[in-house]
Amino acid sequence: MAVRITDLCISCDACLDECPTNSIVDDDDNPTGEEYYYVDPETCSECVGDHDSPACQAACPTEGAIVWDLPFNDENREHFTGSSLYKLPDEGIDNNQPFRKEVSMEDRKAGNVDSVIE
Ligand code: SF4
Ligand code: SF4
């Protein structure tokens, strides 16, 4: 990871087919049980290698519905395993996902997608 979908999501479906890694699931399949869309952090690549910026956020009509989160890697593993915002599978979470180094950790902690990517 990663980007995260927030409770501002209106379940409009605009992002779903834009993801090059099929990391987005709809509200019916959100593993946290919340009624909005969800990004699997263990597969989200931040669109590195596919787009200049997160394609989901570019397609999203709702400000604040998709925000940055920390890189999904060993350093931040507990951030994802210890948060109710995420529900990780039992296996396959020992990977390190690509992330955009140009996005500061401050912006990631603030959850501010709009602060990046010119
Ligand atoms: S940032 Fe890219 S890879 Fe990650 S969920 Fe959005 S569209 Fe998919
Ligand atoms: S495009 Fe935005 S508002 Fe629509 S489903 Fe995706 S995250 Fe939710």
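Two residues are said to be in contact if their C-beta atoms, placed from the backbone, lie within 7 Å. By that criterion, residues 24 or more positions apart account for 71% of the contacts in the protein with a separation of 6 or more. This is a predicted model, in which local features need pLDDT of at least 70 and side-chain atom pairs count only at pLDDT 80 or more, while totals for chains, interfaces and linings use all residues. Residues are numbered from 1 along each chain as its sequence is written, and chains are lettered from A and ligands numbered from 1 in the order in which they are written.

The protein has three helices and four strands, where helices (H or I, at least four residues) and strands (E, at least two) are DSSP runs numbered from the N terminus. Read along the sequence, these elements follow the pattern β-β-β-α-β-α-α. The C-alpha trace spans about 35 × 30 × 25 Å along its principal axes. For 118 residues, a compact globule would have a radius of gyration near 13 Å, and the protein agrees with this because its own value is 13 Å; the radius is taken over C-alpha atoms, and the globule rule is 2.2 Å times the number of residues to the power 0.38.

Buried residues make up 31% of the 118 residues in the protein; a residue is buried if 20 or more other C-beta atoms lie within 10 Å of its own, exposed if 12 or fewer, and partly exposed in between, with C-beta atoms placed from the backbone. In soluble globular proteins, nonpolar side chains tend to be buried together. A nonpolar core is a set of buried Ala, Val, Leu, Ile, Met, Phe, Trp, Tyr and Cys residues joined through C-beta atoms within 7 Å. The largest such core here has 20 residues, and those with the most contacts inside it are V3, I5, V39, C56 and I66. The elements that give two or more residues to this core are β1 (3-5), β3 (38-39) and β4 (66-68), and the largest share, three residues, comes from β4.

Which residues come nearest to ligand 1? Of the 15 residues around ligand 1, they are C19, C44, C47, P54 and C56, a residue being near a molecule if its C-beta atom, placed from the backbone, lies within 6 Å of it. The shell around ligand 1 has ten nonpolar, three polar and two charged residues, where Ala, Val, Leu, Ile, Met, Phe, Trp, Tyr, Cys and Pro count as nonpolar, Asp, Glu, Lys and Arg as charged, and the others, Gly among them, as polar. Around ligand 2 there are 14 residues, of which C9, C12, A14, C15 and C60 come nearest, and the shell holds eleven nonpolar, two polar and one charged residues.

Most residues other than glycine have a negative phi. C47, in the loop between β3 and α1 (55-59), has a positive phi of about 65° although it is not a glycine, and C47 counts as buried because it has 23 C-beta neighbours inside 10 Å. N22, in the loop between β1 and β2 (24-25), likewise has a positive phi, of about 50°, but N22 counts as exposed, with 11 C-beta neighbours inside 10 Å.

Finally, N96 lies in the loop between α2 (77-81) and α3 (105-110), and leaving aside its neighbours within four places in sequence, N96 is in contact with N73 and D74.
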